[in-house]
Amino acid sequence: MAKLTLDLHPIHNRGSAIEAELHRVMDEAEAKRIKTVEIIPGKGSGQLKKRVLKFLERPDIKARYHRVDKDAKNHGRLFVYFRF
């Protein structure tokens with residue numbers, strides 16, 4: 001498996017579920033040594049994407065991954081890369 005995908009559309013309005021899913025996908029990527037996680041917050045107003053980026057900038061989370069890229073062609077998508 002080359003990458004994991006987390007689509008946040010189904011849980012966009014449930015704050016605690018969003019953070020739980022972000023933690024889950026990060027844990028799964030580390031456990032399975034998957035180098036790429038695709039997070040789809042969607043386009044919308046951009047609030048969900050800001051929330052995801054804020055989560056990824058937390059020092060305890062930032063220490064777990066290598067870098068984050070925003071998709072140049074689709075601004076409703078983020079890629080988190082791990083270095084194993």
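Let me start with Arg33, which is exposed, its relative accessible area being 53%; here exposed means over 50% relative accessible area, buried means under 20%, and partly exposed is what falls in between, with a 1.4 Å probe and protein chains only. Arg33 is placed in the loop between H1 and S2, and its phi is near 55 degrees, a positive value in a residue other than glycine. Before I go on, please keep in mind that this is a predicted model, in which local features need pLDDT of at least 70 and side-chain atom pairs count only at pLDDT 80 or more, while totals for chains, interfaces and linings use all residues. Residues are numbered from 1 along each chain as its sequence is written, and side-chain values use heavy atoms, with hydrogens and water left out.

Now the chain as a whole. It has 3 helices and 4 strands, and from the N terminus on these run β-α-β-α-α-β-β, where helices (H or I, at least four residues) and strands (E, at least two) are DSSP runs, numbered from the N terminus. For 84 residues, a compact globule would have a radius of gyration near 12 Å, and the protein chain agrees with that at 12 Å; the radius is taken over C-alpha atoms, and the globule rule is 2.2 Å times the number of residues to the power 0.38. The C-alpha trace spans about 35 × 30 × 25 Å along its principal axes, and 38% of the 84 residues count as buried. If we take contacts between residues at least 6 apart in sequence, 66% of them join residues at least 24 apart, contact meaning heavy atoms within 4.5 Å.

Helix H1, residues 15-32, has 18 residues and reaches 26 Å from its first C-alpha to its last, close to the 26 Å expected at 1.5 Å a residue, the expected span being 1.5 Å times one less than the number of residues. What does the buried side of H1 pack against? The buried residues of H1 are Ala17, Ile18, Leu22, Val25, Met26 and Ala29, and they pack against strand S1 (3-7), strand S2 (36-40), helix H2 (47-57), helix H3 (59-62) and S4.

In helix H2 we find Glu57, which is partly exposed, with a relative accessible area of 46%. Leaving aside neighbours within four places in sequence, Glu57 is in contact with Lys62 and Tyr65, and its C-alpha lies 9.7 Å from that of Val68, a residue 11 places away in sequence.

Finally, the aromatic rings. Rings of Phe, Tyr and Trp (its six-membered ring) pair if their centres lie within 6.5 Å, and planes under 30 degrees apart count as stacked, over 60 as edge-to-face and the rest as tilted. By this rule there are 2 aromatic pairs. Why is the pair of Phe79 and Tyr81 called stacked? The ring centres of Phe79 and Tyr81 are 6.4 Å apart and their planes stand at 25 degrees, so this pair is stacked. Phe82 and Phe84 have ring centres 5.8 Å apart and planes at 5 degrees, so this pair is stacked as well. Phe82 is buried at 5% relative accessible area, whereas Phe84 counts as partly exposed at 35%. Tyr81 also has Arg67 over its face, at 4.2 Å from the ring centre, where a charge sits over a ring if NZ of Lys or CZ of Arg is within 6 Å of the ring centre and within 35 degrees of the ring normal.
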